[in-house]
Amino acid sequence: MARRLPRKDVVIVGLGWTGSILALELARAGLEVVAIERGPWRDTATDFNIGTAPDELRYAVRHDIFLRPRQETLTMRNNSSQTALPIRRWGSFLPGNGVGGAGSHWNGQTWRFLPDDFRLRSHMIDRYGEKIMPEGHQIQDWPMSYDELEPFYDEFERCLGISGKAGNLKGQIQSGGNPFEGQRSSEYPTPPLKQGYSQELFMKAASGMGLHPFPRPSANISSAYTNQYGCSMAPCTYCGFCERFGCSNYSKSSPQTCVLPALVREPNFEARTECEVTKVNLSGDGKMATGVVYVDANGEEWEQPADLVLLCAYGLFNVRLMLLSGIGKAYDPNTGEGVVGRNYAYQTGSGATAFFDNVNFNPFAAAGSLGAALDDYNSDNFDHGPHGFVGGASITNAHTNGRPIMYHPTPRGTPTWGSAWKKAVRDTYQRVTNVGAQGSVMSYRANYLDLDPTYKDQYGRPLMRMTFDFQPNEIKMANWMAERCEEIAKAMGAKTTQINRLNTPWNVVPYQSTHNTGGTVTGSDPKTSVLNRYLQSWDVPNVFVMGASTFPQNAGYNPTGTVGALTYWALDAIKSKYLKSPGALVQQ
Amino acid sequence: MQTDDRSAMRAKFAPPTEKPKHSGMSRRSLLATAALLITTSGATAKVVTKVLPWRPNEVYPVTPVVPGGWLFFTAEEAAVIEAIVDRLIPTDELGPGAKDAGVTTFIDRQLTGPYGGHDWLYMQGPFSDKPLPTQGLQSPLTPRQQYRQGLAALAAYCKANFSGRSFVDLSGEEKDKLLAGMEKGEVKFEGFPSRTLFNAIYANTVEGFFADPIYGGNKDMAGWKLIGFPGVRYDFRDVIDNPNKPYTLPPVAMQGRQAWGER
């Protein structure tokens, strides 16, 4: 039986990007805030110390700072005719753990989605007719527009000090930036990172083809910066230890760098770490949350009552907590009814590898978001009519690192071991680069999340089951993008190129992307969404859910910029509307 | 963080023996403190409030591997691993291979740690006999069990198929042929999939050849020197400022450079 603790105004589940921002802002608004985090406290000076941080084996290969599957994992299968089995070792995606969450170990690519992405369904049908929509899709418009979110994108980018070059300032196209982006109210907080030699070749080749390359927006920041909370960052040194690592330099935006130093000084904030929330408690009629139950490091159970419950765990685990707590109706793929777990989506990866002669790309001099990108083939920036697919991709030339356990590419057909392999590894390291397409994934009736009937976590609660595969629309799109990438690679002057088509079926082993979206989507209709436009539960109005689980489908970008914008957007609604008059912010 | 902020925080940080100082305690902070006391009286939550939980000089380093002897392998097993990794990444005109770079020591020490027991992985059953290829690792065997059972099966296979000779006694050509058969899963061991053993050794060999030397492999940073990886210098602003130029400085590891190789 859980022992009951004194009531708090706000309980936050998970202390990553969304949890730390909400905690800071709500504590400053005068509320008593407690954040409950199942992983350990992590800080730059201790956990990401420069003497221990650049350790590829420990962090990138053995997954030292990630969520350990022993603590929680998912089961997976490609379609509902198969039996799901547990993801025993992370591969395709890497959930974070501990204070900072995945915001500690990310690469830092911080995009805004395009205006068309927010009204994808109506835009595509208006322009091309119903016939372009893929079979079995559940694509839906977002319940807010790009213009409504813009001030909150801006706020999040200022919190992180994002480096980049605006392409559209208040409607005026700017040279050097992305001409396809939605209008921005202000320039990026810091100038773009310097680019490497391969990006120089990419920008030149792409411009020559009539495309519009630009340095991609980066949370590995280019110059010293102090954000709105008084937290300061130092310039990136291009060390090449970003994704899968914490940053020792205070150069990669993370909760540790940008929020926690201010947050811990708020006297009415408290964090409890190594405590796992197991359930959101509901009132007798199920219409209000009364708090959460958590288990501490000794296995003791506690009840934390609170007036407001904010789910800020990694998106997938927010979905699971909703399912386990019975908030909202679980999605049933057979009837198409129910919403929690519906519209799970992901990201495609395809492209081309380019081999050169006599160059020194120096791949180790890198940053997680260093790279040049173009959006000519993203969203609906090009005519989809002749292609018969929905969606698009951001195309990038990047070196994020040259860490040799995982990065020692060889041309296809090279022996996998022996002296010939060794020679190929040596000869290729400096002269290979990649043009990659990170593509959108639409939502489908067949791709969803629910509770597994067989496998349990350490507390005996069912694991979540992921049923997912790439659908024909995504395969067609990603493979078309791979051809575009190869054209650019050839124009860069590559001696030889290799095309990398989308790997199908979706396989949990090779790393692909920690961009898992959907499951608690935001929308205008409670029949097809879990949350209203303020990320507030339709069913239990004192529960709000943050993260990429709120996306109705995924766009051709990394999600964190949009996750951050949505957090500030929901925060604004909580502060300006909900706290004044607690209750449903949108009437059904 | 700002410099000012950092010194303020250091000033604020109280060593464990000192009581934190609170000036002008408001009703709110009184209540917060009360809540804290109630919380900590019974719960083992690590509670963070008002100051960062940080102590001077506290970091979490790994323990450097000291080469010499075997902690997991028997002498016979170690000899077979030495012979295998020497074929996978041979010493040749390009420089030292896996054996000379200490990869066997690397694997031995890795197997004694959390990796060797799959300590961090989800190891609850039931274990499926017929997982899909897309479902990844589904074996109940830990790396320690894979090596122990796999090497025993390899020894039995060699004894039966090479007139009683052990793997280490085979010619280079025989070793390569057998390894290639294991890689493809074409060689059938008694009671253990040959491919599973190959995959484990192969993955760990590449890891040991390229991991920081602190783990016992990549001796003298041989793997890094082969490809021109400068190691953990953590500052390549000079390289970014000079695109397409060869990098000429020698590599550096977590324990530095000169000291490495001294035993």
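A:Lys170 is found in the loop between β6 (168-169) and β7 (172-173) of chain A, and in this predicted model its phi is near 50 degrees, a positive value in a residue other than glycine. With 9 other C-beta atoms within 10 Å, A:Lys170 counts as exposed, because the limit for that class is 12 or fewer. Is A:Tyr250 buried or exposed? A:Tyr250 has 25 other C-beta atoms within 10 Å and is therefore buried, the threshold being 20 or more.

Along the principal axes, the C-alpha trace of chain A spans about 70 × 55 × 50 Å. Of the 588 residues in this chain, 63% count as buried, and among its contacts between residues at least 6 apart in sequence, 75% join residues at least 24 apart.

In soluble globular proteins, nonpolar side chains tend to be buried together. Here the largest nonpolar core holds 234 residues, of which A:Ile12, A:Val13 and A:Leu310 touch the most other members. Helix α13 (residues 560-578) of chain A gives this core its largest share, nine residues. Once its neighbours within four places in sequence are left aside, A:Ile12 is in contact with several residues, including A:Leu22, A:Val33, A:Leu310 and A:Cys312.

Strand β19 (residues 432-439) of chain A shows what burial looks like along one element, since eight of its eight residues are buried. In a regular strand the side chains alternate between the two faces of the sheet. On one side of β19(A) stand A:Val432, A:Asn434, A:Gly436 and A:Gln438, on the other A:Thr433, A:Val435, A:Ala437 and A:Gly439, and both faces are covered. Strand β16 (residues 348-355) of chain A runs antiparallel to β19(A) and is joined to it by eight bridges, with A:Ala352 partnered by A:Val435. Strand β18 (residues 393-397) of chain A also pairs with β19(A) in the antiparallel sense, over five bridges, and there the partner of A:Ala393 is A:Gly439.

In all, 88 residues of chain A are in contact with 75 residues of chain B. Several elements of chain A each supply at least two residues of the side that touches chain B, among them α7 (197-208), β11 (269-273) and α11 (419-428). The residues of that side divide into 39 nonpolar, 26 polar and 23 charged. Strand pairing also crosses between the chains: three bridges join β11(A) to strand β1 (residues 46-48) of chain B, the two running antiparallel, and A:Arg272 stands opposite B:Val47 in β1(B).

Two peptide bonds complete the tour. A cis peptide bond joins A:Thr504 and A:Pro505, with omega about -10 degrees, and A:Pro505 is found in the loop between β22 (496-500) and β23 (517-519) of chain A. In chain B, a cis peptide bond joins B:Gly125 and B:Pro126, with omega about 0 degrees, and B:Pro126 lies in the loop between α4 (103-112) and α5 (143-161) of that chain.

Technical notes: Residues numbered from 1 in each chain as written. Chains lettered and ligands numbered in written order. Predicted model: local features only at pLDDT ≥ 70, side-chain atom pairs only at ≥ 80, totals over all residues. Core = buried A, V, L, I, M, F, W, Y, C linked by C-beta atoms within 7 Å. Helix = DSSP H or I, 4+ residues; strand = E, 2+ residues; numbered from the N terminus. Contact = placed C-beta atoms within 7 Å. Pairing = 2+ DSSP bridges. Nonpolar A, V, L, I, M, F, W, Y, C, P; charged D, E, K, R; others polar.
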